[in-house]
Amino acid sequence: MYAYPFSYHRAASLEEAVKLLQQLGEDARLIAGGQSLIPLMKMRLARPSALIDLNFLKGLDGIQRHNGELRFGAMARHADIENSGVAAAVPILHDCAAGIADVQVRNQGTIGGSLAEADPSGDWGAVLLTLETSVRCFGPKGERTVPLAEFLKDAYTTILRHDEIVHEVIVKVPPKNSGGAYVAFKRSAPVYATVSAAVQLTLDGKDGCKDARVVLGCVGLTAIRARDAEAALRGKPLNDKTIQAAAEAARKVAEPQSDMRGSADYKRALAAALVKRAIGIAARRARGEDLEAGHEYAGR
Amino acid sequence: MPDVKNILVRIRVNGEQREAMAEPRTLLVEFLREQLNLTGTHIGCDTTYCGACTVLLNGRTVKSCTLFAPMADGGEITTVEGLAKNGELHPVQKAFAECHGLQCGYCTPGLLLSSLHLLTRTPKPTDRQIRKAIAGNTCRCTGYQNIFKAIRTAAAVMEKR
C-alpha cells in the first residue's frame with residue numbers, strides 16, 4: 001500500500017526540527033518510530049504533505065535516573081525501555097514496554113512518538129498516568145514541562161502546538177512501599193489491547209492502602225483515570241471487599257465502544273476483571289514480591 | 001501536491017553497499033524487492049501484523065512494510081538472502097528444514113530473522129522467550145510447534161559452534 005506522496009526532510013537537532021515544522025506549514029508532521037503513523041498513512045487516514053524524520057537526531061534516546069526521576073528521551077524505543085536496568089526500578093514501566101505489540105514494533109516504536117500520537121488504545125498513556133509523569137516539550141520559545149494529564153487532551157490530540165516537539169518524558173520514581181502493575185488484554189501480540197488497566201498502590205503497613213491510582217486504557221477517547229476506584233481503595237484495608245468495590249467503580253467509569261474487539265458490555269466486564277488483577281499484582285509487588293505482569297494474549 | 005523529490009537511499013545489505021533513488025513514500029520492503037531485486041523478503045499483510053517482511057536493521061528486527069526507505073538510510077540490513085554463507089545454509093535455516101518448520105514458506109524469511117534475532121541475544125531461550133520472540137510472525141500453514149522445535153534445534157547447534 002502506498003501513502004499519499006509527501007516531501008521528506010531530516011532534522012539533525014531539535015532546533016532544526018522546529019524550524020522545519022515552521023517552514024513546511026501545518027500539514028507537515030514529525031516521524032519518530034513510525035509504528036502508528038506509517039500504518040495510518042498507508043490506510044490514508046493520515047495525509048501529511050511533509051515528514052520530518054527524527055531518526056537521525058542524535059542523543060534523544062537516553063534513559064537516565066536523576067534525583068528520584070527517570071528521564072526518557074523522546075526517541076527511546078520500547079525495546080530500549082524493556083531492556084533498561086534503569087527503567088526496571090519501576091516495574092509497571094517494564095510491564096508496558098515489554099508487551100507493546102511485538103518484538104519488531106518494540107524495536108522501532110518510541111515512547112515520545114506514542115504519547116504524541118495519543119492513540120486512545122496506546123499503552124503508555126494509561127501506564128504513565130498512574131505515576132507522576134510530565135512531558136518536556138521543545139518549541140521556538142524554548143521548553144515547557146507539562147503534566148501528562150494536561151498533555152493528553154483528546155483522542156489523537158495533545159497540547160503540542162504545531163511547532164513543538166516532545167523532548168523528554170519525566171517520571172518520578174514511586175516510594176519504596178509502592179507497587180504498580182499493568183495488565184492489558186489483547187487478542188494476539190501485534191494488535192492494540194481490547195482493554196487495559198494500570199494500577200499503582202502505595203501501602204500503609206502490609207494491607208492498608210495509603211494511596212492508589214487506577215487508570216483504564218482503550219475504553220474512552222483518552223486513558224481514563226478511575227477516581228472512584230481510587231477512592232474505594234485509599235485509606236482502606238486491601239481486601240476482597242474493597243478490591244471488588246474498586247473494580248465495580250472502574251466498570252462504571254469505562255466508556256467503551258462496541259467494535260471488532262468486543263461489545264461495550266464485554267469491555268466493561270473486562271475492565272473490572274483487569275483492575276482486580278492489577279490491584280492484586282500491584283499490592284504483592286508493593287510488599288516486595290517479584291512477579292511478572294503485562295500484556296495477556298493467546299499463545300503467550 | 002507536495003514537492004516529492006526522490007531521495008538517494010544508501011544501505012548496506014547483507015554486507016554489500018547498495019544505493020538507489022526512491023520516492024520518499026517507498027516502503028523499505030518495496031525498496032528491497034523492487035529497487036534492489038532482493039525478493040526473499042515477502043509482503044504478507046502489509047499492515048504491520050504478520051511479520052513476513054521482517055528484516056534486521058542495524059541488528060534489530062523491524063517490519064520493513066512499516067518503514068519508509070529513507071528512514072533506513074545509512075543502515076545495515078540483513079535479509080534472508082544474507083543468511084547462507086558460501087552456499088551453506090545458516091543453522092537456523094537448516095533447523096527449519098529439518099524440523100519441518102515451514103510448509104508453503106511464505107512466512108519463513110521473516111521467521112528466520114526473528115529466530116536469529118532471538119538466538120543472537122538469548123542463546124539459551126526458555127519456551128516462553130521463544131514464543132514471545134515469534135509473536136510478531138504469523139504462519140498460516142504449519143501451526144507453530146515445528147517452528148518452535150526448529151528454534152530449539154538451532155539454539156543447540158549454534159551454541160556448540
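1. The crossing of helices α10(A) and α11(A) is right-handed. This is a predicted model. Helix α10 of chain A covers residues 240-253, and its axis lies 8 Å from that of α11(A), at a packing angle of about 145°. On the α10(A) side the residues that meet the partner helix are A:I243, A:A246, A:A247, A:E248, A:A250 and A:R251. Those they meet in α11(A) are A:R268, A:A271, A:A272, A:V275, A:K276 and A:I279. By class, the residues of this contact are eight nonpolar and four charged, with no polar ones.

2. Helix α11 of chain A, residues 264-286, also holds A:I281. With 24 other C-beta atoms within 10 Å, A:I281 counts as buried, because the cut-off for a buried residue is 20 or more. Leaving aside residues up to four places away in sequence, A:I281 touches A:A181, A:L291 and A:A293. A:Y156 is 125 residues from A:I281 along the chain, and the C-alpha atoms of the two are separated by 30 Å.

3. Chain A is divided into domain 1 (7-53), domain 2 (63-172) and domain 3 (178-296). Taken over C-alpha atoms, the centres of domain 1 and domain 2 of chain A are separated by 19 Å. Their contact takes 13 residues from domain 1 of chain A and 18 residues from domain 2 of chain A. On the domain 1 side, helix α1 of chain A (residues 14-24) gives the most, with five residues. The class count for that side of domain 1 is seven nonpolar, five polar and one charged.

4. Strand β6 of chain A runs over residues 133-139, and five of its seven residues are buried, so the strand is largely enclosed by the rest of the structure. β6(A) pairs antiparallel with β10(A), residues 165-172, over six bridges. It is also joined by six bridges to β7(A), residues 142-147, again in the antiparallel sense. A hairpin through two residues joins β6(A) to β7(A). A:S134 stands opposite A:I170 in β10(A) and opposite A:P147 in β7(A).

5. In chain B, five strands form an open sheet with mixed pairing, in the order β2-β1-β5-β3-β4. The edge strands are β2(B), residues 16-22, and β4(B), each of which pairs on one side only. From one strand to the next the twist averages 40°. Strand β1(B), residues 7-13, runs antiparallel to β2(B) and is joined to it by seven bridges. B:R10 has B:E19 in β2(B) as its bridge partner. Helix α3(B) lies across β3(B), residues 54-57, as well as β4(B) and β5(B), residues 76-78, and runs at about 40° to β3(B).

6. The contact between the chains takes 30 residues from chain B and 26 residues from chain A. Elements that each supply at least two residues of the chain B side are β4 (60-63), α3 (108-121) and α4 (127-133) of chain B. The largest share of that side, four residues, comes from β4(B), which is also an edge strand of the chain B sheet. By class, the side of chain B that touches chain A has 13 nonpolar, nine polar and eight charged residues.

Notes:
Residues numbered from 1 in each chain as written. Chains lettered and ligands numbered in written order. Predicted model: local features only at pLDDT ≥ 70, side-chain atom pairs only at ≥ 80, totals over all residues. Contact = placed C-beta atoms within 7 Å. Nonpolar A, V, L, I, M, F, W, Y, C, P; charged D, E, K, R; others polar. Pairing = 2+ DSSP bridges. Axes fitted to C-alpha atoms, helices over the stretch in contact; angles between N-to-C directions. Domains from an automatic or database assignment. Buried ≥ 20, exposed ≤ 12 C-beta atoms within 10 Å, placed from the backbone. Left-handed = near helix turned anticlockwise from the far one by under 90°.
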